[in-house]
Amino acid sequence: MNICKNAAVSQIPGGVPDKGDLGLIAALAKGELEQEDVYAFEIMLCDSEVDRDFERFDHDALVRLSELFVGKPGIFDHNWSAHEQVARIYKTEVRHIPGVMNTDGQPYEGLFARAYMLRGEENDGLIRSIEAGIRREVSVSCAVGARICSICGENHDSCVHQKGGEYEGKLCHVVLTEPSDAYEWSFVAVPAQRAAGVVKKYGGERMDIRKFLESSGDKELLCQLDELEKQARLGSSYLQSLKAEVVRLGGLSDCGIAPQTLKSMVDKLDESELLGMKKAYEERIKGMYPSAAQLTGKTVVRSSVENAEYRV
């Protein structure tokens, strides 16, 4: 269920922080700030809904991220430059929406944050854009320690289930958990999460490799990445074809397992296990349907009449 759609940024009345919030801001600032010096606003950072990448954060991840994001800067389009820092988070809160469930049937929760920026000519245009609802979609950059498959509960990087696929009526998605760091949050045009807009990055050198290579201009490595992605797609296609063939042979061999049950079993197997089942079913089928014996051909007696075989 989509909720808080296009509500990633909301306004605090007048953008003026109260005394309590000003105290939290002061803890991050080096100098004294007055209420009229600061513009404050609220952000929907991320939530527990399955996003456009077929991924979602679990409850523990949202709670941990709420701790990690305090003090983190706001920038534009994940451009990691000191010149792009325009705001900073000073307060976070995980909120549960009573009676609302996410796609996976779990209680819907969102991670909300309050951020501040300095008023003045440099930021006044951005402040007007926020209040006019033009700047509102945001995205976060963070590191997570585990990516769990919603179907089998195993590490999705090593299981056979495909994100976005359906298995016995259940949508396959990745549950992101065990956050280890939060880097920044950005104003973006098209976020991954429908409500908050989250672009997730997974730490170290694995963080958005394609974007990094494109920005570096390394065409050779980009070509290598294209080839690896092509091989990955071919490998996935081969594995799906092998699974379908095992299910087909299982039906022909009268193995006694219902097709849907067999398909569910096959989805959990790796290539070597699939090839073993395929060979076993082929042997079983060979025993059930042996090759027919070749018939002895009749001796052909040729006529003495020329071209007799063509006569009617």
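User: What does arginine 56 form a salt bridge with?

Analyst: In this predicted model, arginine 56 forms one with aspartate 104, and the closest N and O atoms are 3.1 Å apart. Arginine 56 sits in strand 3 and aspartate 104 in the loop between strand 5 (87-101) and strand 6 (107-118), so the pair ties together parts 48 residues apart in sequence.

User: Is arginine 56 buried or exposed?

Analyst: Buried, with a relative accessible area of 8%. Aspartate 104 is partly exposed, at 31%.

User: And what about glutamate 55, what's its partner?

Analyst: Lysine 163, with the closest N and O atoms 3.1 Å apart. Glutamate 55 is in strand 3 (residues 55-57) and lysine 163 in the loop between strand 7 (138-149) and strand 8 (166-167), so this pair links parts 108 residues apart in sequence. Glutamate 55 counts as buried at 4% relative accessibility, while lysine 163 is partly exposed at 33%.

User: How many salt bridges are there?

Analyst: The count comes to 13. Another one of them joins aspartate 157 and arginine 147, with the closest N and O atoms at 2.6 Å.

User: Switching to the surface: which residues form the negative patch?

Analyst: That patch is made up of Glu32, Glu34, Glu36 and Asp37. Glutamate 34 lies in the loop between helix 1 (19-28) and strand 2 (38-47). Its relative accessible area is 44%, so glutamate 34 is partly exposed.

Methods:
Residues numbered from 1 in each chain as written. Predicted model: local features only at pLDDT ≥ 70, side-chain atom pairs only at ≥ 80, totals over all residues. Heavy atoms only, no water. Patch = residues over 30% accessible without salt bridge, like charges linked within 9 Å, V, L, I, M, F, W, Y side chains within 5 Å. Areas by Shrake-Rupley, 256 points an atom, 1.4 Å probe, with all protein chains shown as cover. Salt bridge = Lys/Arg side-chain N within 4 Å of Asp/Glu carboxyl O. Lys, Arg positive; Asp, Glu negative; His and termini not counted. Charge placed at Lys NZ, Arg CZ, Asp CG, Glu CD. Helix = DSSP H or I, 4+ residues; strand = E, 2+ residues; numbered from the N terminus. Buried < 20%, exposed > 50% of the residue type's maximum accessible area, 1.4 Å probe, protein only.
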